Amino acid sequence: MGAGHAHTLYVHEHSLVHRLPPETKVLSAFLFVAVVAITPREAIWAFGAYAAMEAALVGFSRVPVRFVLSRLIAVAPFVVFALFLPFIGAGKNIDLLGFSLSSEGTWAMWNILAKATLGATASILLAATTEVPEIVRGFGRLRIPPVITGIASFMIRYLEVIAGELARMRTAMTARGYDPRWLSQARPIAASAGTLFVRSYERGERVYDAMLSRGYNGVMPALDTRSATTREWLGALALPLLAAAVALIAVTTL
Amino acid sequence: MSAAVEVADLHYTYPDGQSALAGVSFRVMPGERVALLGPNGAGKTTLAHHLNGIRRADRGVVAVGELTLGDDTLGEIRKRVGLVFQNPDDQLFMPTVGEDVAFGPANLGLSGNELEDAVSSGLGAVGANDLRGRVPHHLSGGERRRVALATVLAMNPSILVLDEPTSGLDPAGRRELIGVLQSLDVAQLVITHDLYFALELCSRALIMDEGVIVADGETAGLLSDEQLLSRHRLEMPYRA
Amino acid sequence: MHLRDDLLHREVATGAIQDFPDPEPGLGEPIATIAEQFGQFSLNGHTEILLVANDSQQGLGWRMHAPDGFLTAGTAVATGAISVGTVSVALKQAKEQMSEKMVPLAGITAAFVFAAQMFNFPVAAGTTGHLLGGALAAILLGPHIGALVVTVVVVVQALAFADGGLTALGYNVLNMAIIPAYGGFAVYSGFRKLLPKSKGGVVAATGLAAGISVVLSAAAFSIQWLFGASAPVPFDTVFGAMVGVHILIGIGEGLISALTVGAVLASRPDLVFGARDLHPAQLQESGKVPLRAFIIGGLAVTLLVATVVSQFAVNNPDGLDFVAEDTGFISSAEEHSLGDSIFADYATSGINNEALSLAIAGTAGVLITLAVGYGLFRAIRPRKRVPV
């Protein structure tokens, strides 16, 4: 049952990148990707530089290269879309091997491919070096409202529990010869979704009771007091700062 | 001496009109361990939820020590009555064991070293200090039970209310749990279908059926009364 | 009674597998009821369309999670601002609705939505769709909590699963959480006014709203493309492709959402936010709802939405241009990637005759939709019991 989807991308390692506080990594990834996104597509060398930075980071964090590449498949549908652009884009003005290609479309293809791949790699690296509850903790330290991080944290806590219930239902269905191939056979799936919702909601009520029993008064207690040191911030922000320098040179020299 | 918990003539009807508690009265003295036995649907869990006020009775009184349950005493009573839920997955809702155990004492206003001490003593009481950084989902069944107990012990309650603590445990996990519970000198009310567990842990037992207490006495005596047991859908398993 | 249900019940009697949701009292019920509804005008023969629950994640799934760089930076920032603003409103409203219970309940139902999105169903030509769940969440939990919950899902998917770009979060949240939840709930409320006040009415309105919500998302994405395209593909091509594909996805989304809500209504009707106006007695009525009306209405509305939006776009490109210029999108667009091609050279991009291409696409869309709808009909009707 699509279990692959529920598995996080965390790769257990002991690199310096793994040890950085999550809030520094979250912010660093956001800034890096933002710099990539606003870099003019004509500055091809700049994207090469970004790729080199990411490659260095992959090596540094000891995340297997194959792992990163295999997770990049997530952007594949958009890559396919991008690959069509030279053929369907406006203004057919390049001739290549007998095809007339659109220069605007080709540039657009390059732009999407480069930015989507660099962005996805950054996300993969963040997720591979930071456990999911840590990412949420990082959000909290970046002053995201505690209600949001609270919801995210409960979601993550119960995701595997609920996915496990789903898997057991599917096993029970399969054990009785249920092998859906057509939409006509979807009713038991929808029924299991309904059951899952009711169970999830009722679990939410029980958890709320358990929280009340331990003195919950509507505000999640602040248990997280650690914050990153200046050195850790500098270490993490080195990446987007370097990228920003590259972007600046790219913009000024175009 | 006032009772650890005392309940008098408790009545409760579900919103759908079904009666759950129909006049429950009993008391548990400090340091006493009492088993609460009875068939499914007898109202045991509902009763447990009344003891710390997450359900409020239509009629009757709940008293913990010298305090009577009411809006003004709710906070203090929830601190004193440590309720351990049937399913540890409902009890352990925080990202890590350490944070989960800290949740209760932090709500009581503890922080810094005091909070740290409460967490260590809770985990220490169940021998789980090494589980502190773990994610609840990845614990074994026995570990989850012990940690669930620790989340409540960290609040230093005067009575523990445990709902089906042995369900889903393997024999070793069950044995460890018995050891932990016997080592605690806090009063305990233990809801269970595991009659040998009740016999081993509790000198006194209550039998509940259809929303009332139908028997109250020495565990060994009640459990040897086959007619009483079968009237209430209970049975001692065969013992070699 | 449906053959498969019979089989299942019989096997329940012989083998003892727990956890299967279908049999006995609660959740089996609505399914049969819906089957009866569908059965009123069902046809013979069996089925060939679509299908559900592709277990593996291999292959190219149809995914809505757009990557970084798919729309221009300006669009990313603008949609991000809209999303942040809407989520903060949702947050405030949600707190009022659920009070102290909100964090655990919203968190655990978010885990449900996440899990529900693992339901994959093929759409057409090798693409698969997964349940998006925005409208479903809004109908079950109310639009504010629904929007909030799906937003958290989308954000966590981006951060923990690298699904969708970090700088694409603005439009991904808008298109996958906010528009389906609020738009879907608005459509749901509209249909509830037209349909009977019964369980059947709720289920039918859910199906229509969930289906349409997917199309609304696709349309919204197309409009964002108009403002912030990263490639020289004209709006109407994107619109046609997005809306066309999503009409198909919407059928699966609508059907599964409707059946899910029906299943919840059967066991815990009090949990369905969108059915709170019904008395217990009204919930008892299975309400032989006009399934014919349900499907025909769904098609009609979907096509209406598509036509209105596309005509607006085609006939008033200047209008949208104006908005784009006015809000400064053009400048950011030009700087980054798109050049003049979309706005300035509208008529020469893509197929020359906009009206004609739109008409062709529209007709094809209607035909495909009808074919799928017809197949669905046949698929859903209860089959005769096979003698054993």
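A residue counts as buried if 20 or more other C-beta atoms lie within 10 Å of its own, as exposed if 12 or fewer do, and as partly exposed in between, with C-beta atoms placed from the backbone. The model is predicted, so that local features need pLDDT of at least 70 and side-chain atom pairs count only at pLDDT 80 or more, while totals for chains, interfaces and linings use all residues. Residues are numbered from 1 along each chain as its sequence is written, and chains are lettered from A and ligands numbered from 1 in the order in which they are written.

**Exercise 1.** Work out which residues of helix 4 of chain A are buried and which exposed residues lie on the face turned away from them.

Step 1. Helices (H or I, at least four residues) and strands (E, at least two) are DSSP runs, numbered from the N terminus. Helix 4 of chain A covers residues 44–61.

Step 2. The buried residues in helix 4 of chain A are A:Ala46, A:Phe47, A:Tyr50, A:Met53, A:Glu54 and A:Val58. They cover an arc of only 140° around the axis, and therefore sit on the same side of the helix; the arc is that of the directions from the helix axis to the C-beta atoms.

Step 3. On the face turned away from this buried side are the exposed residues A:Ile44, A:Trp45, A:Gly48, A:Ala52, A:Ala56 and A:Gly59.

Step 4. Among the elements that cover the buried residues of helix 4 of chain A are helix 3 (22–38) and helix 11 (230–253) of chain A. After the helix comes A:Arg62, whose phi is positive, near 60°.

**Exercise 2.** Find how many residues of helix 6 of chain B are buried.

Solution. In helix 6 of chain B, which covers residues 141–153, 11 of the 13 residues are buried, including B:Val147, B:Leu149 and B:Leu153.

Key
The expected span of a helix is 1.5 Å times one less than its number of residues. Two residues are in contact if their C-beta atoms, placed from the backbone, lie within 7 Å.
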